[in-house]
Amino acid sequence: MSHTVIDPHTFDELQANAGADFVAELVDTFGDEAPPLLAELRSALAAGAAERFRRAAHSLKSNSSTFGATRLAAMARELELGGLPAGAEPIDALAQEFETTLAALQALARP
Amino acid sequence: MSAHSALLEAGHFGRFEIVLSERRLQVDGQPVPLGSRAFDLLAALVTRRDRVVPKDELIDVVWPGLVVEDNNLQVQISALRKVLGAQAIATVPGRGYQFTIAAVAPGSSVVNANATEAKGPRVHERTGAGALRKSRLLVADDNKVNRLLLCRSLELMGHEVASVDNGRAALQMLRAEHVDMLLLDLEMPEMDGFGLLEQRAADPALLDVPVIVTSSLEGAAQVARCIELGADDYLHKPVNPVLLKARVESSLERKHLRDRQRELLARLAPELREGAATSSGATSARRGEATLLLARLRDVDALASAQPAQETIELLSSWTTLMLDAIESHGGQVHQMTGDGVAAVFGLAAEPSRDGDASWAAVQAAQEMIELVAQFNAERSSLGKAPIAPSIGIASGEVVAGHAGTPRRATYVCVGAAVQRASRLEALAADRAAGAVLIDGATHAALAGRVATDTVPALALPGSAKEVPVHALKARA
């Protein structure tokens, strides 16, 4: 499956419905909220806490879909539904994709 | 609301003293009788006197959950101006009304005990004719991005929105404050959405608040569980704004309709409120001395043929609202409404009334009806419309009242010779001068001279050998 970083249609719709200024603030909020969720994934994995892991992945998936960040959403969804992974690699990949996504969102939000 | 009376215990405004907790208004130390709606309106204006209060807001406060015409508000404003002087309430064209008399500060201790209430909610200036009732919505979601976005979407729809980040806080807010609808996330700390729905299912007071679940949990089982637990609707996240608007508005409409039906039901048969089931009339049946009042709008046929149908229906609902206000503010109970006519019984309340109380209350209600209609006519005249006139008959005697019908459809009924007599007197009043109030001998005797009357030729009733003495109320100065 190939996913674009940001689905432009979803993001345009969001701006049209909620207002571009508001969406720019919302992107900033996402930038603040996502790193603690990534940290929660790591800590849940270390503790073997599958439910905490699922919840953090679920939140990341939910927020990513809101912005049309389809690739990040798909990766988070795999973690949400896939149970505790064997190692931290999927989390590293997710964190890297988050950085790419956030940069793309910021560029779209404040052109 | 109880909090409402607590926040403004007493206020002195020049010649006026307003005691909210006792629902009392005094002018120059003398108590002034004020209808209950008029009093609610005065209280609303006084507590918000630092600003212009929009009509919609006043209607929301005074007729909560009811859809009423602006006319009704204008009539009540006129009634207040009559008591307080025209300058006491300023009309700000296109914006609303403002109470203008300054409080007399020293001594009048707690006039403004609650600063937030005095400031009041910020009210959106509403444009155009689409006066959709503004609702207060609560969003419960622990995810900040979701929460902000949902709040924003609902605010853009014109609603007032509060938010919390867990189920327990949501539950507390539902119990403590007025909320028209809850938008609920499922996965939350403290108490999750399912936990909240379970608590709500066990609390009849909370079941009135519709809940729309918003979640990105996958699988039909979750949706099914929410619906089983009493959620009204389910929206998958990310929430589609078009769907959101449609579902929210439909649920709110149903809620406002239910609120309105409940209020109407309570007005028509207060005993239903206490859950006096309709299964058996025996539980609510009562026999006793009571006073019956029948008020009818004169010449309704002529009015109806001279104006568009919509205008007639609006007039009839304004008329009925005014009559109900007068009846309720004097403790009467409506037992029949026919559009142009309203029948009410006084003196059958739970606690036995003193002799003459029922007659006195009914006559007071009649006088208030005449005054409210006079105010209403003043408004109509300024719009170039013809005045309306009521005719009123009042009679006292023994009646039997209670709920009758089937469990599915019951109505409050009241039977007795006095019911017939009130109806005959009303018909007789309709032939007299506008605004005539005719009372029977029994009512007249119970009033013991407290009200000025003229004697009118006695009334012969079919099936009765004796004629009924009739008196006409003199207009109150």
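**Before selecting anything**

The model is predicted, so that local features need pLDDT of at least 70 and side-chain atom pairs count only at pLDDT 80 or more, while totals for chains, interfaces and linings use all residues. Residues are numbered from 1 along each chain as its sequence is written, chains are lettered from A and ligands numbered from 1 in the order in which they are written, and side-chain values use heavy atoms, with hydrogens and water left out.

**Stop 1: where chain B meets chain A**

Display both chains and select the residues in contact, which means heavy atoms within 4.5 Å: 17 residues of chain B touch 23 residues of chain A. The buried area, that is, the accessible area (1.4 Å probe) that two parts lose on being put together, summed over both, is about 1,700 Å² for this pair of chains, and carbon and sulfur atoms give 53% of it. On the chain B side, select B:Val145, B:Glu187 and B:Glu218, which lose the most area to chain A and together account for 32% of what that side buries.

Now look for a salt bridge, defined as a side-chain nitrogen of Lys or Arg within 4 Å of a carboxyl oxygen of Asp or Glu. Across this interface the rule finds one, and selecting A:Arg54 with B:Glu187 shows their side chains meeting at 2.3 Å, N to O. Next, colour helix H6 (residues 144-156) of chain B, which gives the largest share of the side that touches chain A, seven residues; helices (H or I, at least four residues) and strands (E, at least two) are DSSP runs, numbered from the N terminus. The residues on that side of chain B divide into nine nonpolar, three polar and five charged, where Ala, Val, Leu, Ile, Met, Phe, Trp, Tyr, Cys and Pro count as nonpolar, Asp, Glu, Lys and Arg as charged, and the others, Gly among them, as polar.

**Stop 2: salt bridges within the chains**

Over all chains, a search of the whole structure finds 31 salt bridges. Select A:Arg52 and A:Glu40, whose closest N and O atoms are 3.0 Å apart; this pair links distant parts of the chain, with A:Arg52 in helix H3 (residues 50-67) of chain A and A:Glu40 in helix H2 (residues 20-47) of chain A, 12 residues apart. Relative accessible area is called buried under 20%, exposed over 50% and partly exposed in between (1.4 Å probe, protein chains only). A:Arg52 is partly exposed at 34%, and A:Glu40 is partly exposed at 27%.

Moving to chain B, select B:Lys245 and B:Glu249, a salt bridge with its closest N and O atoms 3.0 Å apart. These two residues are four residues apart in helix H11 (residues 241-268) of chain B, and therefore separated by about one helical turn. B:Lys245 is partly exposed at 38%, as is B:Glu249 at 26%. To see salt bridges that share partners, select A:Glu51, A:Arg54, A:Arg55, A:Lys61, A:Glu80 and B:Glu187, which are joined into one network.

**Stop 3**

Show strand S1 (residues 11-13) and strand S2 (residues 16-19) of chain B, which pair in the antiparallel sense over three bridges; strands pair if DSSP finds at least two bridges between them. B:Phe13 stands opposite B:Phe16 in S2(B), and in this hairpin, with two residues between the strands, B:Gly14 takes a positive phi near 55 degrees.

**Stop 4: helix H8 of chain B**

Select B:Gly193, B:Phe194, B:Gly195, B:Leu196, B:Leu197 and B:Arg200, which are buried in H8(B). The buried residues of this helix pack against H7, S9, helix H9 (204-207), strand S10 (211-215) and helix H10 (220-228) of chain B.

**Stop 5: B:Thr312**

Finish at B:Thr312, found in helix H13 (residues 309-328) of chain B, where this residue is buried with a relative accessible area of 10%. Leaving aside its neighbours within four places in sequence, B:Thr312 is in contact with B:Leu303, B:Ala304 and B:Gln307.
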